Amino acid sequence: MADEQPATMATRITDLDHDSFAHCASFLSLRDLSNLAMSSKSLKSFAYSDSIWLDRFRELWPENFPLSGVRKAYLNRRTALHKFKYYDPFVSSLFAEGYYTVDNILLDKNDIIFSQGPAIKMAKIDSIMSGGSLVTMPGHNSRVTCLRLFPLSETSLAQSEAQTEENVLLTSNCDGSIRLWWKGACRRVFGGRHAAVHTMSDKLLGNGDVKVLASGEHDGSICLWSLSSSGRRYRQALKAKFCGDQKPVKWMSVAGYNRRLIFPTISRNKPSNLVTMSGDSKVRVWDTTKLSANRCVGLTSVRRKPVDMKCHENLLYVAADSSVVVLDLRIMQKVSTAAICKPNIYSLTIMPSKSLVCTGGLNKAMLWDIRKGQERWKPEPVTELYGRHQTPVTHLHMDPYKIITGGFESNIVEAWETDTGKKTISFFCSHPEYRFNRGCSAMAVNACRIVAACHVGVRGFIHFTDFSSATRQL
């Protein structure tokens with residue numbers, strides 16, 4: 001009988017030597033590395049070691065790196081950069097020729113994309129740094145109303161796993177058409193109807209391989225378009241059309257639910273529920289999976305003229321006149337008042353992970369804690385963000401690090417710390433050599449970068465600021 005081979009011991013991740021582990025960790029994101037550190041004490045000691053973080057530090061900031069406490073230094077500097085707490089960001093600007101105001105603007109990984117009347121224009125960020133110019137993408141014949149970015153993997157254009165990190169651009173306009181763009185070229189044309197498209201859903205609807213885009217039109221109808229069809233120009237992409245009333249649909253958002261629902265007619269844990277609001281303050285919830293004509297599964301209204309709305313899971317935040325009301329979409333009723341900002345609210349943004357709401361008012365912005373608003377009859381702000389704005393704050397951005405404020409009638413853009421409300425930096429988004437500068441018409445923020453648009457004389461002006469390589473901290 002042949003001798004039995006000795007059983008081999010399984011190799012565990014903790015059996016790796018330090019250099020091997022550091023090499024493997026270099027392929028992980030910050031979130032993955034943090035999750036790894038929480039797995040066990042031994043993995044935490046590996047994940048927190050200076051050798052792993054030193055490579056990350058050198059990759060981003062090779063000029064000065066610490067010899068010890070590298071992880072803490074890396075995270076502190078990253079946080080300060082995301083808060084815009086530096087004197088010396090990279091700044092560049094360029095003119096956007098044309099008489100139209102820049103209405104919509106997006107900041108992708110390496111692209112600045114904006115609309116100017118009927119034109120879609122794009123500039124590569126690395127090209128801007130070396131004095132590059134804009135590229136105009138022709139196609140629309142009337143004013144562009146909305147821009148959206150979605151993952152390429154959720155369309156039929158993706159051909160390899162290497163393209164999963166890329167995005168496609170969707171644009172709508174007043175001639176009733178929607179176009180899908182990839183790599184600077186129009187790949188799909190949806191519709192071509194007569195009714196103007198006012199807005200598009202902020203997320204795609206549906207599960208699995210079939211993804212659907214929702215659009216709201218001037219005649220009050222909602223259309224569902226499949227992004228999985230093929231061909232450059234086609235009409236079979238229209239999967240459904242349903243109507244609420246004759247008022248234009250101005251806002252729409254995809255809702256999600258994570259708790260037991262009171263009404264079984266509303267789907268649970270599926271991105272198939274669409275929330276829309278029209279100019280007459282009517283709020284509707286649509287189940288886009290229903291085959292019947294009656295897809296509306298919830299209806300309510302707000303008392304005052306709406307300004308904006310934001311949706312998170314089963315809650316809808318509606319800014320109307322001088323207040324922000326919270327609606328529970330499961331019962332279609334108001335459950336609280338999150339903010340009261342007199343005389344008017346001009347903009348709204350939310351950060352559900354920290355239970356925060358930020359509103360733009362006259363010459364200031366205000367930060368509100370949703371939980372405190374539920375405990376009081378009249379909510380009080382956490383802090384008031386007074387700066388150099390002397391006009392309404394119509395542009396807002398909020399993330400875990402910073403709040404950015406701007407306005408149509410002001411050339412100043414200001415940054416504030418989210419946790420303390422302390423102002424970090426302010427700058428002009430206009431051209432310093434021109435007298436006739438109009439206010440900030442559009443703004444977009446992505447991590448350590450911000451782009452703002454204004455109008456200089458008869459030309460559009462794009463102001464780009466990048467803090468990722470800044471060195472002089474405030």
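This is a predicted model: local features need pLDDT of at least 70, side-chain atom pairs count only at pLDDT 80 or more; totals for chains, interfaces and linings use all residues.

Student: Ok, sheets. What order do the strands S2, S3, S4 and S5 take?

Tutor: The order is S2-S3-S4-S5, in an open sheet with antiparallel pairing. Strands here are DSSP runs of E with at least two residues, helices are runs of H or I with at least four, and both are numbered from the N terminus. Two strands count as paired if DSSP finds at least two bridges between them.

Student: Which strands are at the edges?

Tutor: Strand S2 (102–107) and strand S5 (135–137), each of which pairs on one side only. The twist averages 25° from one strand to the next. For that angle, axes are lines fitted to C-alpha atoms (for helices, over the stretch in contact), and angles run from 0 to 180 degrees between N-to-C directions.

Student: And how many bridges join S4 to S5?

Tutor: Three bridges, with strand S4 (residues 119–124) running antiparallel to S5. In one of the pairings, Met 122 has Val 135 in S5 as its bridge partner.

Student: What about S6, S7, S8 and S9?

Tutor: Those four strands form an open antiparallel sheet in the order S6-S7-S8-S9. Its edges are strand S6 (144–151) and strand S9 (185–191), and the twist averages 20° from one strand to the next. Inside this sheet, strand S7 (residues 167–173) pairs with strand S8 (residues 177–182) over four bridges, and Leu 170 has Leu 180 as its bridge partner.

Student: Switching topic: which residues have the most contacts inside the largest nonpolar core?

Tutor: Phe 21, Ile 52, Phe 84, Ile 404, Val 413 and Ile 450, in a core of 37 residues. A nonpolar core is a set of buried Ala, Val, Leu, Ile, Met, Phe, Trp, Tyr and Cys residues joined through side-chain atoms within 4.5 Å. Buried means under 20% relative accessible area, exposed means over 50%, and partly exposed is in between (1.4 Å probe, protein chains only).

Student: Where does that core lie?

Tutor: Domain 1 (18–80) and domain 2 (86–135 + 387–473) both give residues to the core, so it lies between them. The domain bounds come from an automatic or database domain assignment. There is also a second, separate core of 18 residues, including Phe 150 and Leu 170.

Student: How many disulfides are there?

Tutor: Zero, from a search of the whole structure. A disulfide here is a pair of cysteine sulfur atoms within 2.5 Å. For Cys 429, the nearest cysteine sulfur is that of Cys 440, 4.5 Å away. Cys 429 is buried at 0% relative accessible area, while Cys 296 is partly exposed at 23%.

Student: Last one: how many salt bridges does the count come to?

Tutor: The count comes to 11 salt bridges, where a side-chain nitrogen of Lys or Arg must be within 4 Å of a carboxyl oxygen of Asp or Glu. In one of them, Glu 417 meets Lys 83 at 3.7 Å, N to O. Glu 417 lies in strand S28 (residues 410–417) and Lys 83 in the loop between helix H5 (70–82) and strand S1 (90–96), so the pair ties together parts 334 residues apart in sequence.

Student: Is Glu 417 buried or exposed?

Tutor: Glu 417 is buried, with 6% relative accessible area, and Lys 83 counts as buried at 11%. Another salt bridge joins Asp 369 and Arg 371, with the closest N and O atoms 3.1 Å apart. There, Asp 369 is buried at 12%, whereas Arg 371 is partly exposed at 48%.

Notes
Residues are numbered from 1 along each chain as its sequence is written. Side-chain values use heavy atoms; hydrogens and water are left out.
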